[in-house]
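This report goes through selected local features of one protein model. The sequence and the structure come first, and the notes follow.

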Amino acid sequence: MDNNLPIQSKKMIIMSKQDPIIINTSELCKNYNGIEALKNLDLKVRRNSIYGFLGPNGAGKTTAIKLLLGLIKPTSGTGTIFNHDIIRESLKIRARVGYLPQDPRFYEEMSAREILRFTARFFFSGPKIEIKNRINEMIELVGITGKADRPIKGFSGGERQRLGIAQAMINYPDLLILDEPTASLDPLGRHMILELMEKLREFSTIFYSTHILDDVQRVSDTVAILNRGTMVAKGNVDKLLAGSEETIYLVKIKGNTEASLKNISDQPWITNIESEKKREQTSWQITVSDDNIAEEKLLRLILAEKNIRITDFRIKKYDLEEIFLQVVEAK
Ligand code: ADP
């Protein structure tokens, strides 16, 4: 980490498979008096990702975060962050991590600027002007400029979360860990925090827990689904949402559908067609075994019948909720 680098000068970087893994755990377990809060967690988080750690209440998300931060000790298993051991080298890790707890607490009489000054003192021993600049930068970054000098007691839930994020970002962390950052917010507050997370990704890797499927669908590139202490699914969000091996096209069509159906039904790369008619509109779900051929030929084949109108044509995407229910119920 380079503490002298102004945030604005860092370049937008998109995560790729070559990026190093910065959180790496192996069979991490935590028992509380016989309750297995977390079982054999194998987590790999690449630099520059927005990694959503998704699960219902009580799934073990906070337990995992506390283990990563060295706030509690695992019953068994190991883990590293930036190749530092989470048990033995927790201080080295925490110097490079920003953390937003689930329910951040502030001194209600203090202003946002005073809180940030208080936090910044832990990280800087440099000239006052640098501290001042860093605080202004954070206030601007999280969008609380107009409120920075008012007491926290008048802040909304969303403004408190944003202040908490500014506090977590003040030392330009390489990794930002957010525990349920949107859980207590109304839709507008949630939207603003999600937008802020996307913005922060330019500067830091983000690992956050949530029980809100929609948040993951909106901002994450990678997700792990946790249920009763066990990781039940993980992977790239788009791939997970696209379903498994087969691709399904959804087509809505009007006109001489019988003739058009004939054109496509004997293609060897089409493995299934389901048809449903509602008034004059017919809907097809067409399963294909070869994406490339389908991309090239499917639409042309349907349109080979002249007396036809297509009102919708797209690849079916799964909803995260469907996947979530599938994996959670299957276990
Ligand atoms: P989440 O963050 O996903 O809501 P938690 O990690 O807080 O889940 O909790 C996981 C499980 O561990 C729950 O059953 C919870 O009751 C239990 N648990 C968490 N912390 C403690 C603790 N300090 N003592 C005993 N049980 C705990």
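What covers the buried residues of α9? The model is predicted, and the answer below refers to that model.

## Helix α9

The cover over the buried residues of α9 includes the strands β12 (247-255), β13 (270-278), β14 (281-288) and β15 (308-315), together with the helix α10 (291-303). The helix α9 itself spans residues 257-265, and its buried residues are T257, S260 and I264. These three lie on the same side of α9, because the arc they cover around the axis is only 65 degrees.

The exposed residues E258 and K262 sit on the face of α9 that is turned away from its buried side.

## T271 in strand β13

One of the strands that cover the buried residues of α9 is β13, and T271 is located in that strand. Apart from neighbours within four places in sequence, the contacts of T271 are T287, V288 and S289. Between T271 and I253, which are 18 residues apart along the chain, the C-alpha separation is 20 Å.

## The largest pocket

The volume of the largest pocket is about 450 Å³. Its lining consists of 20 residues, and those nearest the centre of the pocket are Y99, T119, F123, Q167 and A168. Two or more lining residues come from each of β7 (97-100), α3 (112-123) and α5 (157-169). The most is given by α3, which supplies 5 residues.

By residue class, the lining of the largest pocket holds 13 nonpolar, 5 polar and 2 charged residues.

## Buried loop residues

S49 belongs to the loop that joins β3 (44-46) and β4 (50-54). Its relative accessibility is 0%, so S49 counts as buried. A polar atom of the S49 side chain lies 2.6 Å from the backbone oxygen of R46.

F82 is in the loop between β5 (76-81) and β6 (84-85). Is F82 buried or exposed? With a relative accessibility of 10%, F82 counts as buried, because the limit is under 20%.

Y172 is placed in the loop between α5 and β8 (175-179).

Key: Residues are numbered from 1 along each chain as its sequence is written. This is a predicted model: local features need pLDDT of at least 70, side-chain atom pairs count only at pLDDT 80 or more; totals for chains, interfaces and linings use all residues. Side-chain values use heavy atoms; hydrogens and water are left out. On a 1 Å grid over the protein atoms alone, a cavity is a set of points where a 1.4 Å probe fits but cannot get out, and a pocket is an open set with protein on both sides within 12 Å along at least five of seven lines; lining residues have an atom within 4 Å of a point. Grid points are joined across faces, edges and corners, and a volume is the space filled by probe spheres set on the points. Helices (H or I, at least four residues) and strands (E, at least two) are DSSP runs, numbered from the N terminus. Ala, Val, Leu, Ile, Met, Phe, Trp, Tyr, Cys and Pro count as nonpolar, Asp, Glu, Lys and Arg as charged, and the others, Gly among them, as polar. Buried means under 20% relative accessible area, exposed over 50%, partly exposed in between (1.4 Å probe, protein chains only). The arc is that of the directions from the helix axis to the C-beta atoms. Contact means heavy atoms within 4.5 Å. A polar contact is a pair of N or O atoms within 3.5 Å; within protein, one must be able to donate a hydrogen and the other to accept it, and residues adjacent in sequence count only if both atoms are side-chain atoms.
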